[in-house]
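Please keep the sequence and the model in view while reading.

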Amino acid sequence: MSNTVRPAFILSRAGWRETTILLAVAGLVPFLVHLLPWSGHRPLGVYLLPVFWTTFVAVYFRGPFIGLLVGLVTPVINLLVTGLPVSTSLMALSLEIAFFVVVAAQWPRFRWAAPLAWVAAKGLAVSVQYFIPAFMETEYPWQHLARSMQNGGAGLAVLAAINILLVVFYPQADGWEKEI
């Protein structure tokens, strides 16, 4: 048994209060990222992937269902508050988030689960976009995948750091994994 002290909400099932707090934090993180001074060609969120940070934290502590809720609501909150992501990319981002949650939930306590889940989710989403023209990407799907991998390098590093810190400081399989 570990002597690690953990906040009480991590050890219990997710109630409406904890879910509301997760949603508020998930909405706040991308907003704060967009407040950072930036003069790049694309929004800073494209490079740092803040929606995936909070989604992974929700998956790690609360499981795939709460993680999916947090992941799908966050871009909508962010769109309403900041105007980003562009509403035309919201459907594609939602698809990526859904795939990310499914993959990350398989082994959240693996130290590289979050960045590998993002890469897998991006690949799956691009594959779906290739076969369903409703996404209306302006470039070929594989070019989009390559550009996303290049742009998302910093965000993958942050995801890896978050993932490793969670595994190191909250290593036990308590919480949602016992419920399954």
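## Basis and the length of helix 7

The expected span of a helix is 1.5 Å times one less than its number of residues. Helices are DSSP runs (H or I, at least four residues), numbered from the N terminus. Helix 7 has 19 residues and should span 27 Å at 1.5 Å a residue; its end C-alpha atoms lie 27 Å apart, which agrees.

The model is predicted, so local features need pLDDT of at least 70 and side-chain atom pairs count only at pLDDT 80 or more, while totals for chains, interfaces and linings use all residues. Residues are numbered from 1 along each chain as its sequence is written, and side-chain values use heavy atoms, with hydrogens and water left out.

## Burial of helix 7

Buried residues of helix 7 are Ala113, Ala114, Pro115, Ala117, Trp118, Ala121, Lys122, Gly123, Ala125, Val126 and Gln129. Here, buried means under 20% relative accessible area, exposed over 50%, and partly exposed in between (1.4 Å probe, protein chains only). Their cover includes helix 4 (50-62), helix 6, helix 8 (141-151) and helix 9.

## Helix 6 against helix 7

Helix 6 (residues 90-104) and helix 7 (residues 113-131) pack at an angle of about 135°, with their axes 8 Å apart. Helix 6 is therefore oblique to helix 7. Angles under 35 degrees count as roughly parallel, over 145 as roughly antiparallel, 65 to 115 as roughly perpendicular and the rest as oblique. Axes are lines fitted to C-alpha atoms, for helices over the stretch in contact, and angles run from 0 to 180 degrees between N-to-C directions.

Residues making the contact include Leu95, Phe99 and Phe100 of helix 6 and Trp118, Leu124 and Val128 of helix 7; contact means heavy atoms within 4.5 Å. The contact residues comprise 14 nonpolar, one polar and two charged. Nonpolar covers Ala, Val, Leu, Ile, Met, Phe, Trp, Tyr, Cys and Pro; charged covers Asp, Glu, Lys and Arg; the others, Gly among them, are polar.

## Helix 4 against helix 9

The axes of helix 4 and helix 9 come within 10 Å and cross at roughly 20°, which means that helix 4 is roughly parallel to helix 9. Among the residues in this contact are Phe52, Trp53 and Phe56 of helix 4 and Leu159, Ile162 and Leu166 of helix 9. The contact has 11 nonpolar, two polar and no charged residues.

Ala157 also belongs to helix 9 (residues 153-169). With 48% relative accessibility, Ala157 counts as partly exposed. Ala157 and Leu48 are 109 residues apart in sequence and 8.7 Å apart in space, C-alpha to C-alpha.

How values were computed
Helix = DSSP H or I, 4+ residues; strand = E, 2+ residues; numbered from the N terminus.
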